[in-house]
Amino acid sequence: MFDFLKREKKPNPDATRLLAAILVVYPAIQSVTYDSKDDKLELSFALNGKFSQDDFEDFLKYVAESVETFHHIEGLGGATIELNVEGVFGTCFLNVRRDMATLTCRELSLLTELALNYFGDNLIEDYGDEIPDEEFIMAQEDFLEQYLNNIRQLRIDGRLVGIREQERVVVYSG
């Protein structure tokens, strides 16, 4: 009856900025989802081309070994990562789910670089009209690291989804 009295809780601004910064810094990531239920971040990479199941299995092994080595070097025991692929022909999506407790900006860079090295031109990257300059990217990476640290200290409720929409980044509560 009195719907105007209901106040929807607005998403945490740092969580919103985190998702937006990931999409700005990493043009190969097409969408990013944060789910507070399991405190995980899901990154989706879009691929264009024909791939076999073996291609994806080889890539998943490649990523698993690389990330495990990275975690060992960084001393990140107990970090969890899940990988899956949706679709096989045409456009398909590579999804990476990672717990937020130990995620770093360097690991996001590693994941993006692994996908780019393995899939090359088949990895869809959205730079918009122009590629941002190096100083802008470095500043965004600093903000990204700060937001990652802030998220670890706060309890964020709900689910947030960040996507690319033409030349914009949109983050909404889902």
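This is a predicted model: local features need pLDDT of at least 70, side-chain atom pairs count only at pLDDT 80 or more; totals for chains, interfaces and linings use all residues.
Helix H2 has 22 residues, which at 1.5 Å a residue should span 32 Å, and its end C-alpha atoms lie 31 Å apart, in agreement with that expectation.

**Helix H2**
- The buried residues of H2 are Phe-56, Phe-59, Val-63, Val-67, Phe-70 and His-71, and because they fall within an arc of 95° when seen down the helix axis, they line one face of the helix.
- An α-helix has 3.6 residues a turn, so residues three or four places apart point the same way.
- On the face turned away from this buried side, H2 carries the exposed residues Asp-54, Lys-61, Glu-65, Glu-68, His-72 and Ile-73.
- The cover over the buried residues of H2 includes strands S2, S3 (81–86) and S4 together with helix H3.
- After H2 comes Gly-75, with a positive phi near 70°.

**Nonpolar core**
- The largest nonpolar core comprises 40 residues, and those with the most contacts inside it are Leu-18, Ile-22, Leu-41, Leu-43 and Phe-45.
- At least two residues of this core come from each of H1 (13–25), S1 (29–35), S2 (40–48), H2 (53–74), S4 (91–99), H3 (105–119) and H4 (134–153), with H1 giving the most, seven residues.
- Apart from neighbours within four places in sequence, Ile-22 is in contact with Ile-29, Val-32, Leu-41, Leu-43, Leu-108 and Leu-144.

**Helix H3**
- The 15 residues of H3 reach 21 Å from first C-alpha to last, close to the 21 Å expected at 1.5 Å a residue.
- Among the buried residues of H3 are Cys-105, Glu-107, Leu-108 and Thr-112, and the helix is followed by Gly-120, whose phi is positive, near 55°.

Conventions:
Residues are numbered from 1 along each chain as its sequence is written. Side-chain values use heavy atoms; hydrogens and water are left out. A nonpolar core is a set of buried Ala, Val, Leu, Ile, Met, Phe, Trp, Tyr and Cys residues joined through side-chain atoms within 4.5 Å. Buried means under 20% relative accessible area, exposed over 50%, partly exposed in between (1.4 Å probe, protein chains only). Helices (H or I, at least four residues) and strands (E, at least two) are DSSP runs, numbered from the N terminus. Contact means heavy atoms within 4.5 Å. The expected span of a helix is 1.5 Å times one less than its number of residues. The arc is that of the directions from the helix axis to the C-beta atoms.
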